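Here is a short report on one protein chain and its ligand. Please keep the sequence and the structure open while reading.

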Amino acid sequence: VFRRALACAVAAALVPAAAAGAATTFCVAKPSCTGTPEQDLPAALAAAAAASGRDRIELGAATIPYAGNATDAPGNAVDIVGASRHDTTLLATGLLLTMQEPTSTFSDARIAASGTPAALVDLTAGAVRRVDVDGSGTDAGATTTAFRLHGGGAVLDDAVVAMAGGQADTAVQSDATAAQTAPTVSGLVATAATGVVQSADGGLALANSDVRGRTAGVRASAGTITVDDTVVRATAALGLSADAGGGTATITARQTTVLLASAGTGMDAGAGGSVTADGVAIHGTGTPAAVRAGGAVTLDYSAYPFAGVTGVADGGTTHHDIDLTMTAPGFVDETAGDARLTAGSPLVDAGDPALTDGPATDLAGLPRLRDGNGDGTAVRDIGAYEYQRIAPTIAATATPTAAGTDQEIAFSATATDADPGEVPAIAWTFDDGATADGATASHAFATGGDHTATATATDPSGLTATSTVTVHIAADNAPPPATARGPSLFIRILRAKLDRRRTFLIGVFCPYNDRPRCTGSITVKRGTSTIARTVLRIQAAGTQIARLRVSNATANLVHRRRLLGVTATVVARNVEGSTTTRTFRVTLRPFR
Ligand SMILES: [Ca+2]
Ligand SMILES: [Ca+2]
């Protein structure tokens, strides 16, 4: 609290000094802007440099022509803000923006490159967020670097960089030196000849990214790159490669997944290069790790096919590694490039149990340190994604929720699961002891009162959820309410218990508005066999008590079984000839 109060006091003290020329807004290609219109980005940055205090440059939802490099010099604090990465396009045939002021920002725009630019954004300092690069329009032979990072703690966050195919281009290059603060790159989705490269003796931190390199995904030719919670895609290419050619170059990868295809190489170390893997999964068609002369690869708490490793002194045998030679990694959909983990994956909870620091979230932004196997201890998984082991949810319904005894009720349940690819199994239990499997079930209760049906969802990790629905069963064997187009009949089962003459009684009321009469029949069936039938001839606003007689054989069956479910169908016409048909269940009971 004291530090915060002090910071506020310092900020308050600074305001009067900056207020003289504070917060001027300049606008490029934005007619609705309330600030000062400027011709292009270089002119806007020059105007901001002439205005004291922190300024803002707003870029409109437009395609803005290239007007040469714009430089944000140290001391010129500015926020360059576009409409969005989809709405503001900056064209660039050469270097677009040089940022040197540590507190300046550039956000929410897209850069469309053409020609043969050497680089597009050059960051000595400052932060770039939500700025995409489309390099597909560059000329053949272009060696464009989308983002060039130096020291000063430059930040690149949430960028989608797609460079042209077949060229020697680079998404992100850092040449920070050991004396400078390491730049950080996160949320990068990159496709280029080289995805991310460190080329001086400083450091670079890469996290939460998805990098596809046509030649190499992540490469250190000097210095050190740390890679966390990242997917590297190596199709006929190198995934993580360190090769200093004289000095030293180091890559330390943690909780990273390398997907190989077309004879790619997951981890590669040449002269002076060392690659250290802790919690790294490597799988696909190719070589998981290869060491050339003067290089070193170290693997621990990692998973890869042991048989494919070449030149690693203690490959797989002495550390806590998992052999994927004969075991699948259990990705959600490896063919589609989805390396999230499923419940049965051997990578779940197979990371370093002693590792309790590091990033709090995985590549999907979900929590690290989850107890994925349910043994009570939360341990990091191997790879970029953490299996979450989230319980399913379920909601059950019944149609109808009120019915007569022995009337079939349709039960339905919808189960969901937040873990990718998990489809919970559904099972039903009814309070009369009956059971059923599947999302839907049909069941009739034989006795009146409230009854329950419970649906249970079970996911592949064994976690469950239940939902119970209550239905009311009318004890008097009453049929369901009417849905009529013909006469609005009222029907009541007056007596379902057989008498000595083997009869039972159903009352049918024909209402006044169907005058002068209703005519029709009642047919009672057991299965498809008719066991009783009588005709209806009811004067308007009158009731007929229909007496239905069953055979001796049926009466004996009722006597033996004590309860016999049958189906009664009432068909009644009014004088206009409109017909109402009503079918309902009747449970016959024996005389004795
Ligand atoms: Ca875990
Ligand atoms: Ca689940």
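## Overall shape

This is a predicted model. The protein chain has three helices and 43 strands. Its radius of gyration is 38 Å, well over the 25 Å that the globule rule gives for 592 residues, so the chain is more spread out than a compact globule. Along the principal axes, the C-alpha atoms fill a box of roughly 110 × 65 × 60 Å.

Buried residues account for 49% of the 592 residues. The accessible surface comes to about 25,200 Å². Carbon and sulfur atoms hold 53% of that surface. Among contacts between residues at least 6 apart in sequence, 55% join residues at least 24 apart.

## The calcium site

Which residues coordinate the calcium ion (ligand 1)? The donors come from D349 (OD), R370 (O), V379 (O), D381 (OD) and E386 (OE). They sit at 2.2 to 2.4 Å from the ion. Along the chain, their spacing reads D-x20-R-x8-V-x1-D-x4-E. D349 and R370 both lie in the loop between β28 (338–341) and β29 (393–399), so the pair ties together parts that are 21 residues apart in sequence.

Is D349 buried or exposed? D349 counts as buried because its relative accessibility is 12%, under the 20% cut-off. R370 has 28% relative accessibility, so this residue counts as partly exposed.

## Nonpolar cores

The largest nonpolar core holds 73 residues. Within it, I57, F106, F147, V161, L188 and L240 touch the most other members. Strand β22 (residues 249–269) gives the largest share of this core, seven residues.

What does L240 touch, leaving aside residues up to four places away in sequence? The list is V218, V227, V232, I251, A253, V258, G266, M267, D268 and V275.

## Strands β38 and β41

Strand β38 (residues 503–510) and β41 run antiparallel. Eight bridges join them. In this pairing, L505 of the chain stands opposite R547 in β41.

The side chains of β41 (residues 542–549) alternate. G542, Q544, A546 and L548 point to one face and are buried.

A193 is found in strand β17 (residues 189–198). A193 is buried, with a relative accessible area of 5%. D169 is 24 residues away from A193 in sequence, yet the two are 5.3 Å apart in space, C-alpha to C-alpha. Not counting residues up to four places away in sequence, A193 touches Q167, A168, D169, G213, R214, T215 and A216.

A83 lies in the loop between β6 (78–81) and β7 (89–92). A83 is partly exposed, at a relative accessible area of 42%. A83 and A61 are 22 residues apart in sequence and 5.4 Å apart in space, C-alpha to C-alpha. With residues up to four places away in sequence left out, A83 touches L59, G60, A61, T88 and D108.

Methods: Residues are numbered from 1 along each chain as its sequence is written. Chains are lettered from A and ligands numbered from 1 in the order in which they are written. This is a predicted model: local features need pLDDT of at least 70, side-chain atom pairs count only at pLDDT 80 or more; totals for chains, interfaces and linings use all residues. Side-chain values use heavy atoms; hydrogens and water are left out. Donors are N, O and S atoms within 2.8 Å of the metal (3.2 Å for Na, K and Ca); water is not among the atoms, so sites may look incomplete. Helices (H or I, at least four residues) and strands (E, at least two) are DSSP runs, numbered from the N terminus. Buried means under 20% relative accessible area, exposed over 50%, partly exposed in between (1.4 Å probe, protein chains only). A nonpolar core is a set of buried Ala, Val, Leu, Ile, Met, Phe, Trp, Tyr and Cys residues joined through side-chain atoms within 4.5 Å. Contact means heavy atoms within 4.5 Å. Two strands pair if DSSP finds at least two bridges between them. The radius of gyration is taken over C-alpha atoms; the globule rule is 2.2 Å times the number of residues to the power 0.38. Accessible areas come from the Shrake-Rupley method with a 1.4 Å probe; for residues, only the protein chains shown count as cover.
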